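Me: I have this model open and would like to talk it through with you. Could we start with the sheet and then move on to the rest?

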Amino acid sequence: MKNREQKKANGKRAHVRIMLWSLLLIAVGAMVAPLGGYLFVEIAEAQSFEQTNPRSETTWRDVRVGNEGITTVRGDETGVLIQNGGENWRQLRNGIVAAIMPWVMGIALVGISLVYFIGGKHKLDEKPSGRVVPRWKLWERVLHWSTATMFILLSITGLSLLFGRAVMIPLLGPEGFAAYAGVAMMTHNYVGPFFTACVALMALAWTWHNIPNRTDLAWFKAGGGFLKGKHPSAGRMNGGEKVWFWFIVLVGGAVCVSGVVMNFPIWGQTREMMQQANLVHAVAAILWIGLFFGHAYIGTLGTEGAIDGMKTGYVSVEWAKQHHDLWYEEVKDQEIDASEIGLESGVAVRQDRPASTG
Ligand code: HEM
């Protein structure tokens with residue numbers, strides 16, 4: 001009997017123990033189980049760190065580094081959605097390239113001022129007698145002035161496109177600038193090829209009288225007569241004019257070739273080639289504009305009588321002897337009186353001016 005009661009009491013205690021343990025298990029389980037969520041997130045994050053998201057690998061990353069994809073559009077590079085070099089090009093163009101322009105202009109203006117203030121104007125030593133010699137044929141003058149006109153047009157429109165956003169939007173407003181930029185771009189793109197053809201003709205036509213020789217060395221040693229006042233000997237072209245000519249052929253050639261590369265994208269030019277052509281074009285054009293200021297100054301205000309040759313085709317014998325003595329010896333048998341060819345005015349025939357002393 002006692003045994004039976006003892007067994008019953010033991011069974012009851014075991015039952016209570018089981019209940020208590022079960023309750024404890026439920027309580028602990030209820031608290032711990034939600035933490036599993038955090039574990040899941042931790043594992044998922046660890047996994048995503050190790051493996052790259054397959055979508056970003058195949059799409060955005062590939063696109064961003066300029067890899068080629070698949071497209072039905074036919075053409076060069078059509079499969080490349082983003083070309084990385086574009087951003088580098090933009091930074092170079094709007095940064096270093098744009099920044100050299102004020103320097104080139106500054107150096108050109110300082111150079112011209114030095115020549116003007118130290119050397120003075122190159123006036124004629126002798127009073128013009130009215131006798132003239134032929135210097136430039138009609139076709140040469142037409143070629144020169146058409147090239148010069150187009151050069152000025154291209155310089156204005158080209159600089160407007162390079163600096164327009166910064167300089168002209170504040171003046172014209174966005175709509176005004178957009179309208180002007182459209183016209184400037186069309187003008188630049190259509191005039192460019194004709195200008196290139198003229199530069200090529202100039203190069204072909206005038207190479208023969210721009211071959212460097214020893215006389216040019218002596219001319220440079222004497223500072224071209226600009227600083228010392230004494231006129232060094234020169235043939236048909238002097239050393240300075242030859243420098244201008246070869247600058248046009250080489251640097252101007254780079255401007256024209258890079259312009260053609262950009263203007264006619266029909267030979268499989270890649271975007272990278274276009275960006276490089278654009279940078280070469282802008283830098284070389286800025287240098288050309290800088291030297292052009294020097295040429296225009298020397299051809300007009302700087303040298304009395306020089307413009308007559310390009311205007312009328314004839315120069316006074318006094319100018320020829322003073323600036324191109326060796327060439328004058330070659331052409332002196334063609335000397336004529338200015339009135340014979342209807343030249344009534346201009347330095348070549350002006351009789352009423354006192355001759356300069358320097
Ligand atoms: C509108 C401004 C310009 C003026 C006032 C001007 C003036 C002159 C003058 C007076 C001459 C004759 C020099 C002489 O007889 O010895 C000349 C020659 C020349 N000019 Fe111009 N010019 C101008 C623009 C240009 C431009 C824009 C270019 C080229 C893109 C150019 C290229 C030449 C060349 C290649 C020569 C012959 C020089 C040589 O063969 O060495 N000129 N210029």
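This is a predicted model: local features need pLDDT of at least 70, side-chain atom pairs count only at pLDDT 80 or more; totals for chains, interfaces and linings use all residues.

Me: OK, in what order do the three strands of the open sheet come, and is the pairing parallel or antiparallel?

Reply: The order is E2-E1-E3, and the pairing in this open sheet of three strands is antiparallel. The edge strands, each of which pairs on one side only, are strand E2 (314–316) and strand E3 (336–337).

Me: And how many bridges join E1 to E2?

Reply: Strand E1, residues 131–134, is joined to E2 by three bridges, with the two running antiparallel. Within that pairing, Val133 stands opposite Val315 in E2.

Me: Switching to the ligand, which residues come nearest to it?

Reply: There are 23 residues around the ligand, and those that come nearest are Ala148, Phe151, Glu241, Phe245 and Gly299. Sorted by class, the shell has 13 nonpolar residues, seven polar ones and three charged ones.

Me: What about the largest nonpolar core, which members touch the most others?

Reply: In that core of 15 residues, Phe195, Val199, Val255, Ala284, Ala285, Ile286 and Trp288 touch the most other members. Two or more residues of the core come from each of H5, H6, H8 and H9, and H9 gives the most, with seven residues.

Me: Take Ala284, then: what is it in contact with, leaving aside neighbours within four places in sequence?

Reply: With those neighbours left aside, Ala284 is in contact with Val251, Ala254 and Val255. Another core lies apart from the largest one and has 12 residues, including Leu124, Tyr314, Val317 and Ala338.

Me: Now Arg74, where is its place in the chain, and why does it count as exposed?

Reply: Arg74 sits in the loop between helix H3 (54–64) and helix H4 (85–119). Arg74 is exposed because 6 other C-beta atoms lie within 10 Å, and the cut-off for exposed is 12 or fewer. Between Arg74 and Asp325 there are 251 residues of separation in sequence and 63 Å in space, C-alpha to C-alpha.

Me: Last one, how is the chain divided into domains?

Reply: The chain is divided into domain 1 (2–51) and domain 2 (85–135 + 207–341), and the C-alpha centres of domain 1 and domain 2 lie 97 Å apart.

Conventions: Residues are numbered from 1 along each chain as its sequence is written. A residue is near a molecule or strand if its C-beta atom, placed from the backbone, lies within 6 Å of it. Ala, Val, Leu, Ile, Met, Phe, Trp, Tyr, Cys and Pro count as nonpolar, Asp, Glu, Lys and Arg as charged, and the others, Gly among them, as polar. Domain bounds come from an automatic or database domain assignment. A nonpolar core is a set of buried Ala, Val, Leu, Ile, Met, Phe, Trp, Tyr and Cys residues joined through C-beta atoms within 7 Å. A residue is buried if 20 or more other C-beta atoms lie within 10 Å of its own, exposed if 12 or fewer, and partly exposed in between; C-beta atoms are placed from the backbone. Helices (H or I, at least four residues) and strands (E, at least two) are DSSP runs, numbered from the N terminus. Two residues are in contact if their C-beta atoms, placed from the backbone, lie within 7 Å. Two strands pair if DSSP finds at least two bridges between them.
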